[in-house]
There are 2 protein chains.
Amino acid sequence: MNEFELIARLTRALPTNESVVVGAGDDCAVLDVGAGDRRLLFKTDAVVEGIHFTSETPPEKIGHKALARCLSDIAAMAGTPTAALITIGLPKNFDPKFVARIYAGLNELAERQGVAVVGGETTTNPERILISIALVGFVPRGRVLLRSGAKVGDAIFVTGELGGSLAGKHLEFEPRLSEARWLAENFAIHALMDLSDGLAGDLCHLLKASGVGAELLKTAIPISRAARLAAKSGDAAKPALVAALTDGEDFELLFTVASKDAVPLLDKWKQNFPKLKLSCIGKIIAGEGVRLRDKTGVQTLAVHGYVHFS
Amino acid sequence: MNEFELIARLTRALPTNESVVVGAGDDCAVLDVGAGDRRLLFKTDAVVEGIHFTSETPPEKIGHKALARCLSDIAAMAGTPTAALITIGLPKNFDPKFVARIYAGLNELAERQGVAVVGGETTTNPERILISIALVGFVPRGRVLLRSGAKVGDAIFVTGELGGSLAGKHLEFEPRLSEARWLAENFAIHALMDLSDGLAGDLCHLLKASGVGAELLKTAIPISRAARLAAKSGDAAKPALVAALTDGEDFELLFTVASKDAVPLLDKWKQNFPKLKLSCIGKIIAGEGVRLRDKTGVQTLAVHGYVHFS
C-alpha cells in the first residue's frame, strides 16, 4: 500500500460538519467560517531529515523549504496565506543555533510573503529532525480553484521548467503565490494544482478528480537545465524527458483553461511575468489517463510520478 | 537549553501581520479573520511513539490522545473547535490496519466534539510513529481568555484531580471543552489555561504572563487516586502531593476569578457538572512564584513541572 492508497482508505469516511466546503483530497481544505466573501484555506505539510533534506543541508534552506512547500499548496488554490504554526521534532542533543537558523530561513520567506508565524511547538523525535507546518489563508468565495474543474478541450499549462529539482531547486524555490492569484483574477481557470510528485503523477490526480484524460505534446514539455545535465552525466541517469515527467518537488503550477483563452493568457503572462516561462503542454480529452504525442504518433504514458513509500 | 528556553528564544521576533491578535506564547494563537464577532483559534500539537505513547498502546487510544491534547488547547481558550488536519509520520513497514485504527480513535472523538477532519497527510519517519494535529476553532470576540489576566486577590481553581495521568488517563481523557465554554459564558474568568506540564510548572507560566504570584493551600490540591496508589506502591514513587504538583498530562483546566465570584461559581458548577470535581486551591498574590501553605506555615515551591528535553 503506497501513500495515495493509504490516504484514499483513511479519508473515505471522515467526520465532517457544516463549515466544510472542500475536505480531504485537494491541495488545501476549504472552510466557510463566516468571513464575509472569503473562504478559509487550511493545510499542513511536513519535511523529514533523510527524506526531504539531509544532515548536510544548510539549516536556513531547511526552514525555507518547510514553509515553501506548504505555501505552494495555498498557491495551488490561488489563495493568500495568513498565518503559520511550526511544529518541530528534535533529537535530544539538538543544537539551539541550528534550530535558530532553521527559523531564520523560514521567517525570511514568511516576511516576504506577509505570513505571520504565530507559534512554535517543539517535541522530541530522537533520530532525526521533522518539521510540520500548518497554514491558514484565504481565497475569495467565488474563486476557489480545485483539481476537479478540467473540461474536455481545455488547454493544459505549466509554469517554469520541470525535473531535476533535487539538484538544488527543492531547497530554494519561491512558491507561485502571486502568479496563481494573477491567473485566478484575470482568467477563468478551470483546474489548478501545484506539482509536488512529478507532472505525470500529479496530472493523473487532476484528471481523475475531473473525470477526463489528457494528451501531451512531447516537444512542449519544459525540461529544466538540471534535468538535462543529469541526463548527460551518465551514471544512473534517466532521459531528461522522463525526469521532467516523473521527478518530484517541482512546485510549479499546473492548470487548465478553455482553449479560446490559451493565446490571450500566454500573451498577457509574458507581459506580467517576463522571467517565468509558461508552457502549453497539451489538451484535455475525453476518457482517462495520459497520452503522449510526438512526430511518430501517440503512446500511453506508462511512467509514474514519484510515490512515497514505494 | 530546555523546551521553554528554546521556544522563548525562537519566538522573540517572529514575522507578524495585522491579523494577529495573540501570537506565540498562549495556548492557541488568536487571529482576526473578519469572521464577524468571532476570532479564529489556531493550534498544533504532536505526539511521538516512545515519548507520548508506546509501541504497546492500543492504536485507537493513540489517535484519541493526539486529537484530545490539541482540543485541550482550544478548551484552554474557552473556544469551539471547527476542523482538524492530521499529519502522520510512519516507518516504511507500517501496518495499514494499525493506522486505520489510529484514525478510528481520532475520528470518534472528532465526531463527538463536532470537529471535521479535513485532510490527512502522510510522510516517512523511519524509526517511530509521529502524529501532528493542526486545529482551527472559534471564540467570541469579547471572550478570549488568556494566561495573562490573573489579578492579585483572585481565587485559583482547577478541575478534576491531579497527578498519575501516565497510569492511564493521558490516553483516555476528554478535553474540557464544554466546561471551559460554560465558565466563559457564566463568569468573568480572568485567566485560563490547560494543565499539560504539571500544576507547578503551568501555574508558573500563568503567573509570569500575568506578572503576579500565588499562594496555594496544600490540603486543597486535589490528588488523583492514581497518584495516591503510585505513592503507596513503593518503588521510585514520589509523595502523592508532589505527583499532583509535577506530573504532566493532567489536561484539566486551571483558571482564576475575582474572589467575590468564587463561592457562586463553586455552587453553580456543582449543579452543572456534578460528576467533575472543582477545587479552589489558593489565591493570587503580589510578587512572583508559588508559595505553599500548610498548618506549619508557608514555603516557597521548589518542585518543578515536567519539562521536555530535561
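**Stop 1: helix H7 of chain B**

Select helix H7 of chain B, residues 225-233, and colour B:Ala226, B:Ala227 and B:Ala230, which are buried. What covers these buried residues? Show helix H4 (169-172) and helix H8 (240-246) of chain B, which are among the covering elements. Keep in mind, as you look around, that this is a predicted model.

Now turn the view until you look down the axis of H7(B). The buried residues fall within an arc of 100°, so they line one face of the helix.

**Stop 2: two loop residues**

Move along chain B to the loop between H8 and strand S10 (253-257), and select B:Phe251. This residue is not a glycine, yet its phi is positive, at about 55°. Is B:Phe251 buried or exposed? It has 25 other C-beta atoms within 10 Å, so B:Phe251 is buried.

Next, jump to chain A and find A:Glu249 in the loop between helix H7 (240-246) and strand S10 (253-257) of that chain. A:Glu249 is another residue other than glycine with a positive phi, near 65°. A:Glu249 counts as buried because it has 20 C-beta neighbours inside 10 Å.

**Stop 3: strand S4 of chain A**

Stay in chain A and select strand S4, residues 80-90. How many of its residues are buried? The count is 11 of the 11, so the strand is largely enclosed by the rest of the structure.

- Strand S6 (residues 130-140) of chain A pairs with S4(A) in the antiparallel sense over nine bridges. To see a point on this pairing, select A:Ala83, which stands opposite A:Val136.
- Strand S5 (residues 116-124) of chain A runs parallel to S4(A), and seven bridges join the two. Here A:Thr87 stands opposite A:Glu121.

Trace the chain from S4(A) through helix H3 (residues 96-112) to S5(A): this β-α-β crossover is right-handed.

**Stop 4**

Go over to chain B and select S4(B) and S5(B), which pair in the parallel sense over seven bridges. B:Ala83 stands opposite B:Ala116 in S5(B). Follow the chain from S4(B) through H3(B) to S5(B), and you trace a right-handed β-α-β crossover. S5(B) is mostly covered, with eight of its nine residues buried.

**Stop 5: where the chains meet**

Show both chains together. Here 61 residues of chain B are in contact with 61 residues of chain A. Which element gives the largest share of chain B's side? S5(B) does, with nine residues. Colour the chain B side by residue type and you will find 32 nonpolar, 21 polar and eight charged residues.

**Stop 6: the nonpolar core**

For the last selection, look inside. The largest nonpolar core has 204 residues, and A:Phe42, A:Ala84, B:Phe42 and B:Ala84 touch the most other members. Zoom in on B:Ala84 and show some of the residues it touches, including B:Leu67, B:Ala110, B:Val115 and B:Ile133. As a general background, nonpolar side chains in soluble globular proteins tend to be buried together.

How values were computed: Residues are numbered from 1 along each chain as its sequence is written. Chains are lettered from A and ligands numbered from 1 in the order in which they are written. This is a predicted model: local features need pLDDT of at least 70, side-chain atom pairs count only at pLDDT 80 or more; totals for chains, interfaces and linings use all residues. A nonpolar core is a set of buried Ala, Val, Leu, Ile, Met, Phe, Trp, Tyr and Cys residues joined through C-beta atoms within 7 Å. A residue is buried if 20 or more other C-beta atoms lie within 10 Å of its own, exposed if 12 or fewer, and partly exposed in between; C-beta atoms are placed from the backbone. Two residues are in contact if their C-beta atoms, placed from the backbone, lie within 7 Å. Helices (H or I, at least four residues) and strands (E, at least two) are DSSP runs, numbered from the N terminus. Ala, Val, Leu, Ile, Met, Phe, Trp, Tyr, Cys and Pro count as nonpolar, Asp, Glu, Lys and Arg as charged, and the others, Gly among them, as polar. The arc is that of the directions from the helix axis to the C-beta atoms. Two strands pair if DSSP finds at least two bridges between them. A crossover is right-handed if, with the strands pointing away from the viewer, the path from the first strand over the helix to the second runs clockwise. Lists of a residue's contacts leave out its neighbours within four places in sequence.
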